[in-house]
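Hi everyone, thanks for coming.

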Amino acid sequence: MSREDPRVPHHFESAEQQTESARLGMWVFLATEILLFGGLFCAYSVYRANHPDVFYYGTQFLDKHLGALNTMVLICSSFTMAWAVRCAQLGERRALMVLLSMTLLCAALFLGVKAIEYRQKWKHGLLWARKFRAEALERSPTKAGATWAETASAKTTMAAPDGQPTSGPAASNPLTTGTKALAATAAFEDRTSIPPAGTAPAGVVSGKKSSAAKPSERTPPENVQVFFSIYFLLTGLHGLHVIAGMLAIGWILRRARRGEFSSGNFLAVDLVGLYWHLVDIIWIYLFPLLYLIH
Amino acid sequence: MAHPSDNYLTHTRGIKSWLLTLDHKRIGIMYLVTILGAFLLAGIFALLIRTELLTPGQTIVTADTYNRLFTLHGAIMIFLFVIPGIPSALGNFVLPLQLGAKDVAFPRLNLFSYYLFVFGAALMVLSIIVGGVDTGWTFYTPYSTDKARAGVIPVLTGVFLLGFSSIFTGLNFIVSIHKLRAPGMGWFRMPLFLWGLYATAIMQILATPVLGITLLLLIVERVLGVGIFDPGLGGDPVLFQHFFWFYSHPAVYIMVLPAMGVISELVSVHSHKHIFSYKMIAWSSVAIAVFSFFVWGHHMFVSGQSAMANMIFSALTFSVAIPTAVKVFNWLATMFRGAITLTTPMCYAVAFLSLFAIGGLTGMFLGSLATNVHVTDTYFVVAHFHFTMVPVGVAFIGGLYHWWPKITGRMYSEKWGRIGCAVFVAGFYVTFVTQFIMGTHGMPRRSYHYLPEFTALHQMSSAGALAMATGLFIAAGTFIHSLVKGLPAAANPWGGASFEWQCPSPPPHDNFTETPPAGDPYDMSDWEYHPEIRGYVRKT
């Protein structure tokens with residue numbers, strides 16, 4: 001394209017230079033996005049390294065099936081997005097619009113499933129630290145949780161009829177002092193009480209682990225609420241990115257309807273596509289890190 | 001460009017043509033005005049702090065107000081002056097000119113980041129009205145998670161927005177440098193200021209998002225109570241320190257590297273000599289950018305991190321001294337046997353070298369574990385910090401004098417420029433050398449009260465601060481005088497060979513009618529002085 005092309009801003013020599021600049025800019029922006037999530041992934045790693053039991057325990061309360069469904073949905077949306085970019089390249093307006101709409105639909109489906117998950121958590125009080133209700137751990141909000149509850153009650157007497165934790169045979173094991181911790185977690189609901197010093201976390205680089213024991217799936221460990229905090233932070237921030245991506249897709253869908261794209265001019269579709277793939281790939285990491293912990 | 005007098009200042013008129021401009025030069029000037037306003041505000045806080053410290057105990061403000069004063073002085077200076085000063089104000093103006101480009105790669109994004117900056121700055125200043133924040137500029141938990149402290153959220157949101165403004169500026173600069181270099185300008189034919197800005201932009205891209213998420217976590221911690229940093233909910237307050245310094249240590253180089261870029265320009269141009277060892281200066285910028293990511297733990301030697309981590313961080317800290325020293329020696333070698341003209345920018349460049357050498361070397365004292373533990377949280381740290389950060393301000397003012405003729409098309413009074421510089425630097429030494437002495441004697445930082453035996457030193461320090469303010473007001477006077485009565489500036493008043501001196505002063509809207517041929521930006525032998533225009537002209 002010549003310098004005279006009116007669509008090329010005055011400070012670019014050619015459309016090619018503009019495209020290259022925009023793509024580089026988008027890639028750099030994606031790098032900053034990854035680093036934004038990087039902080040949370042780092043928090044995740046630090047807490048998981050220091051308190052592995054919390055993660056092994058907390059993960060049972062997440063619904064693997066819904067998580068897997070959402071993963072499928074997002075992978076599909078990435079596929080339709082990539083196909084949409086190809087259609088934009090070929091200048092097929094109709095197909096582009098259909099595929100962008102399908103991508104939007106997948107994104108909406110994802111948020112819908114996420115909303116169901118959040119609602120379940122909200123109902124059971126499995127929320128971030130301050131809102132966390134410790135007695136929720138005794139219920140069985142998910143299948144995984146149910147298995148746990150059954151086995152737990154079969155093996156030990158974790159909960160007395162009045163719902164208050166009592167020491168069962170498990171408490172005699174010095175490595176599973178979970179019942180005491182449960183009482184401590186219950187105290188968090190009431191923010192006026194200060195937790196016992198013993199539950200305060202170890203320094204990040206002190207190398208001290210909160211529990212030397214083999215992580216147990218049976219007894220609620222100390223500070224299990226932190227797992228749900230991290231769950232909500234990671235999925236919440238990701239959810240915001242999904243919404244931002246939907247807005248961007250909606251924007252290019254509108255432009256596509258007006259016929260603004262052609263085989264020589266599809267930069268915006270390309271860039272939004274890159275962004276959407278990033279949103280997907282972050283979920284691809286979130287799913288195993290939160291739902292599939294063994 | 002229709003008329004010779006048509007320049008970027010007169011190209012379009014009206015307030016709207018400024019507020020909605022996409023011209024990097026005008027955006028640079030808007031940044032400049034905003035940043036200087038913040039500088040004035042934070043400077044007033046500094047003077048209030050020094051006035052309070054004239055006597056032990058309460059002098060003019062209560063202990064609580066004092067805590068707010070030093071917090072706001074630090075936060076505003078750092079986030080609204082030192083970090084954006086050189087890249088956003090001078091960088092925006094100079095970078096496309098030095099590249100031989102018509103604008104930055106994304107002019108709209110540039111304007112957007114300016115408004116993010118203004119909005120963030122406004123939120124920070126708003127917090128003063130809401131009641132003031134007294135956490136220190138580092139926002140350490142648990143101070144910052146304490147519900148009783150008002151105004152923390154607006155400040156954090158402000159800094160979060162400023163961070164994204166800084167990220168977008170960095171993104172713009174990276175893409176501009178990659179894609180908009182004039183034909184024939186290879187990486188090693190760029191002026192060193194651009195290398196400084198490039199290394200800075202890389203750090204802005206890599207470190208600032210981490211600050212963003214940290215501040216976001218802190219906000220969420222306050223609003224929802226997620227228990228990431230709050231030990232009462234099972235969180236870890238030390239993790240905040242790690243996150244914060246993972247950004248904030250690179251951030252000190254985000255502040256210093258552009259300053260070093262400016263100094264490379266000033267030293268070479270005003271010595272009328274080719275920069276000594278161009279490639280070493282360029283690579284040392286990159287080396288500093290890389291090393292700076294691995295030393296954050298040296299801010300946390302007493303936070304309870306393991307002895308092993310302390311030793312590793314201490315050793316890595318020393319590595320930063322190597323590229324820094326490479327730069328300093330190269331600047332000295334550039335000046336050696338050069339035809340030095342002690343113009344005002346050169347005075348500021350020399351001041352930078354003298355102050356930064358002390359700042360850098362005391363950094364080595366603090367990097368060694370035993371000394372660090374001894375002087376942690378004393379005035380020694382305060383003095384060291386100011387000996388590294390104020391040179392950034394010095395380089396900023398020096399750079400402003402250097403590019404002032406290009407920005408405004410007018411010259412300033414060299415005599416008063418030099419006097420202002422001398423008064424400022426003398427005042428600085430008095431202010432902060434006394435603080436080194438107090439620090440080694442155990443004067444704790446962030447305290448409005450002190451033992452009576454420190455009184456004399458504190459009063460000397462306050463007198464020095466007054467001298468610094470005087471020097472700055474003289475400098476401000478020269479700028480205002482120049483705007484009103486300054487002589488018209490030549491296109492190339494200093495004899496520099498980089499692109500920005502090859503377009504008229506002030507530059508036309510499009511910068512260059514024709515991109516000049518790219519050559520060695522430090523080969524100044526082609527330019528000779530013509531006294532009648534007070535500037536240099538290329539030999540014919």
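Let's start in chain A, where helix H1, residues 15-50, packs with helix H8, residues 267-291, at an angle of about 15°, and the two axes are 10 Å apart. Keep in mind as we go that this is a predicted model. So how do those two helices run relative to each other, parallel or antiparallel? An angle under 35 degrees counts as roughly parallel, and therefore H1(A) and H8(A) are roughly parallel to each other. The crossing of H1(A) past H8(A) is right-handed. If you sort the residues in that contact by class, you get 19 nonpolar, 1 polar and 4 charged.

Okay, over to chain B. Here I'd like you to find helix H5, residues 152-179, and helix H6, residues 192-223; their axes come within 8 Å and cross at roughly 155°. Over 145 degrees we call a pair roughly antiparallel, so that is what H5(B) is to H6(B). H5(B) passes H6(B) in a left-handed crossing. The contact between H5(B) and H6(B) has 23 nonpolar residues, 8 polar ones and 1 charged one.

Stay in chain B for another pair. Helix H9, residues 307-335, and helix H10, residues 344-367, pack at about 160°, with 10 Å between their axes. Which residues make the contact? On the H9(B) side they include B:Phe318, B:Ala321, B:Trp331 and B:Leu332, and on the H10(B) side B:Val350, B:Phe352, B:Leu353 and B:Phe356 are among them. By class, this contact splits into 12 nonpolar and 4 polar residues, with no charged ones.

Now, how do the two chains meet? There are 39 residues of chain A in contact with 49 residues of chain B. Between chain A and chain B, the buried area is about 3600 Å², and carbon and sulfur atoms give 71% of that. How many salt bridges are there between the chains? The count is 1. B:Lys179 forms a salt bridge with A:Glu20, and the closest N and O atoms are 3.3 Å apart.

Last topic, the backbone. Most residues other than glycine have a negative phi, and most peptide bonds are trans. With that in mind, look at B:Thr141 and B:Pro142, which are joined by a cis peptide bond with omega about 0°. B:Pro142 sits in the loop between helix H4 (107-130) and H5 of chain B. B:Ser505 and B:Pro506 are also joined by a cis peptide bond, with omega about -15°. You'll find B:Pro506 in the loop between helix H14 (455-485) and strand S1 (527-530) of chain B.

And where is the residue with a phi near 50°? That's B:His272, a residue other than glycine with a positive value, in the loop between helix H7 (237-271) and helix H8 (278-291) of chain B.

Conventions
Residues numbered from 1 in each chain as written. Chains lettered and ligands numbered in written order. Predicted model: local features only at pLDDT ≥ 70, side-chain atom pairs only at ≥ 80, totals over all residues. Heavy atoms only, no water. Axes fitted to C-alpha atoms, helices over the stretch in contact; angles between N-to-C directions. Helix = DSSP H or I, 4+ residues; strand = E, 2+ residues; numbered from the N terminus. Parallel < 35°, antiparallel > 145°, perpendicular 65-115°, else oblique. Left-handed = near helix turned anticlockwise from the far one by under 90°. Nonpolar A, V, L, I, M, F, W, Y, C, P; charged D, E, K, R; others polar. Contact = heavy atoms within 4.5 Å. Buried area = accessible area lost by both parts, 1.4 Å probe. Salt bridge = Lys/Arg side-chain N within 4 Å of Asp/Glu carboxyl O.
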